[in-house]
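I opened this notebook to record what I looked up in one structure. The entries follow the order in which I made them.

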Amino acid sequence: ARTHVGPVAVQAWMQAAKARYQHVAEPLRWQREGQVVTVVARVSGCFPGSPLELAHVFELSDGLIRSLEIHP
């Protein structure tokens with residue numbers, strides 16, 4: 001439910017999440033539809049409900065990640 005814009009903001013979010021939850025993600029499957037790549041991963045760490053499967057939905061543009069949404 002948050003938006004992080006730009007490499008610095010995304011990196012800060014990733015580092016804070018890693019420190020707080022000490023999580024790891026194991027990719028289980030992926031699919032690509034045009035410029036949208038969805039990776040489903042088993043995420044485990046120090047959080048309620050661990051482990052769980054999360055979909056990481058990447059939207060690509062010119063070979064770069066334009067957006068990323070993560071949801072159950």
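**Entry 1: Alanine 55**

I began with alanine 55, which I found in strand β3, residues 52-61. The model I am reading is a predicted one. Is alanine 55 buried or exposed? I noted a relative accessible area of 12% for alanine 55, which is under the 20% limit, so this residue counts as buried.

I then listed what alanine 55 touches, leaving out residues up to four places away in sequence. The list reads Thr38, Val39, Val40, Glu69, Ile70 and His71. Across the strand pairing, valine 40 stands opposite alanine 55. I also looked up the separation between alanine 55 and alanine 12, which lie 43 residues apart along the chain. Their C-alpha atoms are separated by 21 Å.

**Entry 2: Confidence and overall make-up**

I checked the confidence before going further. The protein averages a pLDDT of 95, and 100% of the residues score at least 70. Where is the confidence lowest, and where is it highest? It is lowest in helix α1, residues 7-21, with a mean of 93, and highest in strand β2, residues 36-44, at 98.

The secondary structure comes to one helix and four strands. Read from the N terminus, the elements run α-β-β-β-β. The C-alpha trace spans about 35 × 30 × 20 Å along its principal axes. Of the 72 residues in the protein, 15% are buried. I also recorded that, among contacts with a separation of 6 or more, 13% come from residues 24 or more positions apart.

**Entry 3: The sheet**

In what order do the strands of the sheet lie? I found an open sheet of four strands in the order β1-β2-β3-β4, with antiparallel pairing. The edge strands are β1 and β4, the latter at residues 64-71, and each pairs on one side only. Neighbouring strands of this sheet are turned against each other by 25 degrees on average, direction ignored.

I took the pairings in turn. Strand β1, residues 24-33, is joined to β2 by nine bridges, and the two run antiparallel. Within this pairing, alanine 25 has valine 43 of β2 as its bridge partner. The hairpin of β1 and β2 has two residues between the strands, and glycine 34 there takes a positive phi near 65 degrees. Strands β2 and β3, also antiparallel, are joined by eight bridges.

Threonine 38 sits in strand β2, and its bridge partner in β3 is valine 57. Threonine 38 counts as buried because its relative accessibility is 18%, the limit being 20%. Apart from neighbours within four places in sequence, threonine 38 is in contact with Arg29, Trp30, Gln31, Ala55, His56 and Val57.

**Entry 4: The helix and an aromatic pair**

I turned to helix α1, which has 15 residues. From its first C-alpha to its last it reaches 21 Å, close to the 21 Å expected at 1.5 Å a residue.

How many aromatic pairs does the structure hold? I found one. Tyrosine 21 and phenylalanine 47 form this pair in an edge-to-face arrangement, 6.2 Å centre to centre and with 85 degrees between the planes. The pair links distant parts of the chain, 26 residues apart: tyrosine 21 lies in helix α1, and phenylalanine 47 in the loop between β2 and β3. Tyrosine 21 is partly exposed, with a relative accessible area of 28%, whereas phenylalanine 47 is buried at 18%.

**Entry 5: Backbone exceptions**

I closed with the backbone. Most residues other than glycine have a negative phi, and most peptide bonds are trans.

Glutamine 22 has a phi near 45 degrees, a positive value in a residue other than glycine. With a relative accessibility of 53%, glutamine 22 counts as exposed.

Aspartate 62 likewise has a positive phi, near 55 degrees, and lies in the loop between β3 and β4. At 76% relative accessibility, aspartate 62 counts as exposed.

Which peptide bond did I record as cis? The bond from serine 50 to proline 51 is cis, with omega near -5 degrees. Proline 51 lies in the loop between β2 and β3.

Methods: Residues numbered from 1 in each chain as written. Predicted model: local features only at pLDDT ≥ 70, side-chain atom pairs only at ≥ 80, totals over all residues. Heavy atoms only, no water. Buried < 20%, exposed > 50% of the residue type's maximum accessible area, 1.4 Å probe, protein only. Contact = heavy atoms within 4.5 Å. pLDDT = per-residue confidence, 0-100. Pairing = 2+ DSSP bridges. Axes fitted to C-alpha atoms, helices over the stretch in contact; angles between N-to-C directions. Expected span 1.5 Å × (residues − 1). Phe/Tyr/Trp six-rings, centres within 6.5 Å; stacked < 30°, edge-to-face > 60°.
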